[in-house]
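Reader: I have a structure to go through with you. Can you take my questions as they come?

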Amino acid sequence: SGGTIEINCVNNENELIILVKDSGGGMTDLVKNNLFKIGKNISLNGTEGELGSGIGLILCHEFVLKHQGKIWVESELGQGSSFYFSLPI
């Protein structure tokens, strides 16, 4: 509640880069390093206590890879998260 979500797109010559940035709680390195791994199912409660399944980002990862793209996250605990993915043009 009261947070922000930013969505941005950059055309970088041979690829399109999409950014989805939030002002949420951020995440630790342990969580970041396991977000896109099947079987690791690291899910944190949201800012309102909501619980995720951990499957959404794994599906995004698989979809992006199937289209020869890349996906990554930048985040610090307490500072929100920035999710990026790129797709070839």
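Reader: Of the contacts between residues at least 6 apart in sequence, what share joins residues at least 24 apart?
Author: The share is 46%, where contact means heavy atoms within 4.5 Å. This is a predicted model, in which local features need pLDDT of at least 70 and side-chain atom pairs count only at pLDDT 80 or more, while totals for chains, interfaces and linings use all residues. Residues are numbered from 1 along each chain as its sequence is written, and side-chain values use heavy atoms, with hydrogens and water left out.

Reader: What pattern does the protein follow along the sequence?
Author: The pattern is β-β-α-α-β-β, with two helices and four strands. Helices (H or I, at least four residues) and strands (E, at least two) are DSSP runs, numbered from the N terminus.

Reader: How much of the protein counts as buried?
Author: Of its 89 residues, 27% are buried. Buried means under 20% relative accessible area, exposed over 50%, and partly exposed in between, with a 1.4 Å probe and protein chains only.

Reader: Which residues make up the largest nonpolar core?
Author: That core has eight residues: M27, V31, L35, F36, V64, I71, V73 and F83. A nonpolar core is a set of buried Ala, Val, Leu, Ile, Met, Phe, Trp, Tyr and Cys residues joined through side-chain atoms within 4.5 Å.

Reader: And what does V73 touch?
Author: Leaving out residues up to four places away in sequence, V73 touches M27, K32, L35, F36, S82 and F83.

Reader: Switching to rings. How many aromatic pairs does a search of the whole structure find?
Author: One. W72 and Y84 are stacked, at 5.2 Å centre to centre and 5 degrees between the planes. Rings of Phe, Tyr and Trp (its six-membered ring) pair if their centres lie within 6.5 Å; planes under 30 degrees apart count as stacked, over 60 as edge-to-face and the rest as tilted.

Reader: Where do the two partners sit?
Author: W72 is in strand β3 and Y84 in strand β4 (residues 81-88), twelve residues apart, so the pair links distant parts of the chain.

Reader: Is Y84 buried or exposed?
Author: Y84 counts as buried because its relative accessibility is 19%. W72 is partly exposed, at 31%.

Reader: What about Q68?
Author: Q68 also has a positive phi, of about 60 degrees, without being a glycine. Q68 lies in the loop between α2 (56-66) and β3 (70-75) and is exposed, at 62% relative accessibility.
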